[in-house]
2 protein chains.
Amino acid sequence: MTKIITISREFGSGGRELGKRLADNLGFAYYDREIIDAIAEKSNLDKSYVETVLSQGNFHNFHYTVGRTFSMSTPLQSTVDMLITERNVINELATKQDCVIVGRGADVILREFNPLNIFVYADMPSKIERCRSRTPKNENLSDRQLIKEIRKIDKTRSKHHELLSGAKWGDKENYNLCINTTGLQLEKLSVVLTQYAKLWLEQNKK
Amino acid sequence: MTKIITISREFGSGGRELGKRLADNLGFAYYDREIIDAIAEKSNLDKSYVETVLSQGNFHNFHYTVGRTFSMSTPLQSTVDMLITERNVINELATKQDCVIVGRGADVILREFNPLNIFVYADMPSKIERCRSRTPKNENLSDRQLIKEIRKIDKTRSKHHELLSGAKWGDKENYNLCINTTGLQLEKLSVVLTQYAKLWLEQNKK
């Protein structure tokens, strides 16, 4: 069976970079946006539309969103289909080779693979700083606006997770390791995290 | 300023052993029961009494406990004194030398030292197994009784923490790292944890 590491992360915590570095250090495949692309291709839908539905929290608002984007006869069914396709895509990717998967509820979807589940988080000032340095457009937002944006994205991730598992996103009981990146250089942290992942994968052989 | 690592842990998670190994690996002092001993000495009270009050959750039940153990004129005041002594003892120990402190709300009490705060937890079956192997008397308890005991002790730790900080014990936001020991050998895990602690202490110099 393939070795799977899932990274769940708060927006602005550096989880994506940490996941990418971890994959590189271990020689594992890395999947993030690749999943959106594959869903779009399989569903014959526009990538940005798939991303809107899956990443921006419109699970509770199917008709409205779909109605504004496309004209469909059964919008709710389409969204459910998209979520099923997402599940299938993640399963297919995980079966192919050892990999690190960021987000998308992979920790729940791939439960049978006995994945190493890592949650990455950070203190709010640290997340604000990372958001500002990463995205120039964020320069124009006040701290308050940025905090609102961060919370909104995290709420969506939480909702997505709850839809799949019923369990609460970010509750440490659902993860093997929860790591606060505040005050740490991600490059150096990824070296230690790689050692930890090697140990965990070695001691939890399938 | 001294370097401080605090370990908060669920009962049966192996947090104490992990803390001891971490201290040994780093060449730091290690404080656990030493704190109870020092409080008893300073308060001129029996060690087991101090432990009962501080470790077994009688914060909500001052009169009853003290009434059964000693005859005191102001039992509530004595318990408050004991908690103040605990705070002072922990501060004194932390000022003396680099150390790992297990439990006792040290993560909150030593906030000014900017400690590295680690929370150690585990899945329930793993905690039951560790409790059985560690304490022969637990052999006679059913799983259900043992789970009840584990939850009771953790509830006390949670109450102690809440009393000191108002913040919830075990909420990942209050820690730098939360580590689930399920399926991991503590000796090997402590090696990786030592690397992490060195990195954190290096990057968060005071």
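**Exercise 1. The contact of chain A and chain B**

Determine how many residues each chain gives to the contact, and describe the interface in this predicted model.

*Solution.* 
Step 1. Chain A contributes 25 residues to the contact, and chain B contributes 25 residues.
Step 2. The size of an interface is often expressed as the accessible area lost when the parts come together. Here, about 2100 Å² is buried between chain A and chain B, and carbon and sulfur atoms give 58% of this area.
Step 3. Polar contacts between chain A and chain B amount to 15 residue pairs, with both residues at pLDDT 80 or more. Zero salt bridges are found across this interface.
Step 4. On the side of chain A that touches chain B, β4 (116-121), β5 (177-180) and α9 (186-203) each supply at least two residues. The largest share of that side, eight residues, belongs to α9(A).

**Exercise 2. The surroundings of Arg157(A)**

Identify the nearest side chain of opposite charge to Arg157(A), and state which residues Arg157(A) touches.

*Solution.* 
Step 1. Arg157(A) belongs to helix α8 of chain A, which spans residues 143-165.
Step 2. Arg157(A) is buried, and the nearest side chain of opposite charge is that of Asp154(A), 4.1 Å away. A salt bridge requires the charged atoms to be within 4 Å; Arg157(A) has none.
Step 3. A polar atom of the Arg157(A) side chain lies 2.9 Å from the backbone oxygen of Arg9(A).
Step 4. With residues up to four places away in sequence left out, Arg157(A) touches Arg9(A), Glu10(A), Phe11(A) and Trp169(A).

**Exercise 3. The position of Gln185(A)**

Locate Gln185(A) in chain A, and decide whether Gln185(A) is buried, exposed or partly exposed.

*Solution.* 
Step 1. Gln185(A) sits in the loop between β5 and α9 of chain A.
Step 2. Its relative accessible area is 45%, so Gln185(A) is partly exposed.

Key:
Residues are numbered from 1 along each chain as its sequence is written. Chains are lettered from A and ligands numbered from 1 in the order in which they are written. This is a predicted model: local features need pLDDT of at least 70, side-chain atom pairs count only at pLDDT 80 or more; totals for chains, interfaces and linings use all residues. Side-chain values use heavy atoms; hydrogens and water are left out. Helices (H or I, at least four residues) and strands (E, at least two) are DSSP runs, numbered from the N terminus. Buried means under 20% relative accessible area, exposed over 50%, partly exposed in between (1.4 Å probe, protein chains only). Lys and Arg count as positive and Asp and Glu as negative; His and the chain ends are not counted. A polar contact is a pair of N or O atoms within 3.5 Å; within protein, one must be able to donate a hydrogen and the other to accept it, and residues adjacent in sequence count only if both atoms are side-chain atoms. Contact means heavy atoms within 4.5 Å. Buried area is the accessible area (1.4 Å probe) that two parts lose on being put together, summed over both.
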